[in-house]
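User: I'd like to learn how to read a protein model. Could you walk me through one?

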Amino acid sequence: MKNILITGGAGFIGSHVVRLFLETYKDTRIINLDALTYAGNLENLRDIEDHPNYTFVHQDITDLNSLRKIFKEYEISHVVHLAAESHVDRSIEEPLAFVETNVIGTVNLLQATKEYWGDNFEDKLFYHVSTDEVYGSLNETGFFYEDTAYDPRSPYSASKASSDHFVRAYYHTYGLPIVISNCSNNYGPNHFPEKLIPLMINNILHKKPLPVYGEGLNVRDWLFVKDHARAISTIFSKGKLGETYNIGGHNEWTNIDLVKLLCRLVDQKMGNPGGQSEELITFVKDRAGHDLRYAIDASKLKDELGWVPSLQFEEGLSQTIDWFLSNKEWLEHVTSGEYQKYYAKMYNKS
Ligand code: NAD
Ligand code: TYD
C-alpha cells in the first residue's frame, strides 16, 4: 500500500491534488500535512475530510524532528510537495518567511525522506511542485523550456529556484528518486483572493476599485487548477525519475485584457449593464521588479506523457466565477480579519 504525503494540501492547488489523488489512487492512504498558514484552509477539503483513506496532520515543514516522526508513523512511501509561501507581493514585504518555508522547509522534507528511506528507493518517489517563475522574465517572444537557465528575480521565485536546486542535489548526490514540475499561473475554485483573478472577482462583487499594476501590460499564461492537478497526477504515475516537466496552457493574457474579460463575464452573470465593472479599473503603482512575461512550452509533457489542458479559458473563468458566486461564505471567511489588514497594507499605500 502506498502512503502518500501531500504537503500544503489545505491550500489552493494542494486541495485539488488531494481530492484528485483520493479519487484516482484507490488503494493508497493520503496524508495531508499542512501548517494552516493564512493560505491554508480546511474548508477547501470539507467534502473529503471523512474519507477513510484520508488523514490530516497539522504540522510545519520547518520542524525537521516532527517530520522525522511523521515519516515513521505513517510509513511514507511517496511525497508530493506543494507547501510553500506562494505570493510574490508578500515575498517583497517579507522575504525571510519565503526562505524559511520554501528553502529550509524543502530541505527538511528532503532530509526526513532520505533518512526514512535509507537506500531503499524501490517504489518510492519525491515529487516537487514548482513554478515557471524560476526561469525569470521573457520579453515579447519566446517560451520557457525545461532546459531554460534559471533566472529568478523576486524573493518568491528565488526561494522556489533554490528549492528546485536542492531537490536535484538530493537526486544527484544521494540518488533520491525525484521528479519536478514547473507550472504557469493557476486559477480556479478555492483560489485565495490575494492573487490577481480571485482578487478582481471579489472586488468586482463588492464594487471596489480594481487595482491593476503599472499599465497592465504584463503577460501571464493561465491554467485551470484542475488541469494542473491532472498534470501532477500524470507525472506522479508516469514521469521519469530525475526529470523536469513544464506545465502550461498556451494561454497568454495581458493583465488589463484579462481584468476587462472578468468584468464582462461578471456583469453578464449578475445582469449588470455592460461596462459597469470596467469603470472600477484603477491603475496603481507597479510591483517592484515586476516580471514582464511568462510563457510555458509544455510539449514535453504532451509528447511524452500525453497530458493536454482540458478547458478553454473563457469556460474555465466562467466556472471559476460561478464557484465564487455560489461560495460567498467561503469568500467572506477568507476575506475577514487578517485579510483586511493585508489589503490595507498592500493597496492603501499613498
Ligand atoms: P497556497 O499559498 O494557496 O497554499 C500553500 C499551502 O502551504 C497552504 O495550505 C499553507 O498553509 C501551506 N504551508 C505554507 N507554509 C507551510 C509550512 N511552513 N509548513 C507546512 N505547510 C505550509 O499555494 P498554491 O497556490 O496552492 O501553490 C502550491 C504550490 O504550487 C506551491 O509550491 C507553489 O510554489 C506552486 N505553484 C503555484 C502556482 C500558482 O499559480 N498558484 C503556479 C505554479 C506552482
Ligand atoms: P499574481 O496573481 O500575484 O501572480 P504572479 O505574480 O505570481 O504571476 O499576479 C498576476 C499578475 O497580475 C502579475 O503581473 C501582477 C498583476 N497584479 C495586478 O495587476 N494587481 C493585483 O492586485 C495583483 C495581485 C496582481
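**Charges, fold and one glycine**

Analyst: Let's start with charge. In this predicted model, the chain has 34 positive and 48 negative charges, and their mean positions lie 1 Å apart.

User: How many helices and strands are there in the chain?

Analyst: The chain holds 12 helices and 12 strands. Its radius of gyration is 20 Å, close to the 20 Å the globule rule gives for 350 residues, so the chain is as compact as a globular protein of that length. Along its principal axes, the C-alpha trace spans about 65 × 45 × 40 Å.

User: What share of the 350 residues is buried?

Analyst: To call a residue buried, you look for under 20% relative accessible area. Here, buried residues make up 56% of the 350 in the chain. As for the accessible surface, it comes to about 15000 Å², and 49% of that belongs to carbon and sulfur atoms.

User: Can we zoom in on one residue? Where is Gly 142 found?

Analyst: Gly 142 sits in the loop between β5 (125–131) and α5 (155–174). Its relative accessibility is 31%, so Gly 142 counts as partly exposed.

User: Leaving aside neighbours within four places in sequence, what is Gly 142 in contact with?

Analyst: With those neighbours set aside, Gly 142 touches Arg 293 and Ala 295. Gly 142 and Arg 293 are 151 residues apart in sequence, yet 9.7 Å apart in space, C-alpha to C-alpha.

Definitions and conventions:
Residues numbered from 1 in each chain as written. Chains lettered and ligands numbered in written order. Predicted model: local features only at pLDDT ≥ 70, side-chain atom pairs only at ≥ 80, totals over all residues. Heavy atoms only, no water. Helix = DSSP H or I, 4+ residues; strand = E, 2+ residues; numbered from the N terminus. Rg over C-alpha atoms; globule rule 2.2 N^0.38 Å. Buried < 20%, exposed > 50% of the residue type's maximum accessible area, 1.4 Å probe, protein only. Areas by Shrake-Rupley, 256 points an atom, 1.4 Å probe, with all protein chains shown as cover. Lys, Arg positive; Asp, Glu negative; His and termini not counted. Charge placed at Lys NZ, Arg CZ, Asp CG, Glu CD. Contact = heavy atoms within 4.5 Å.
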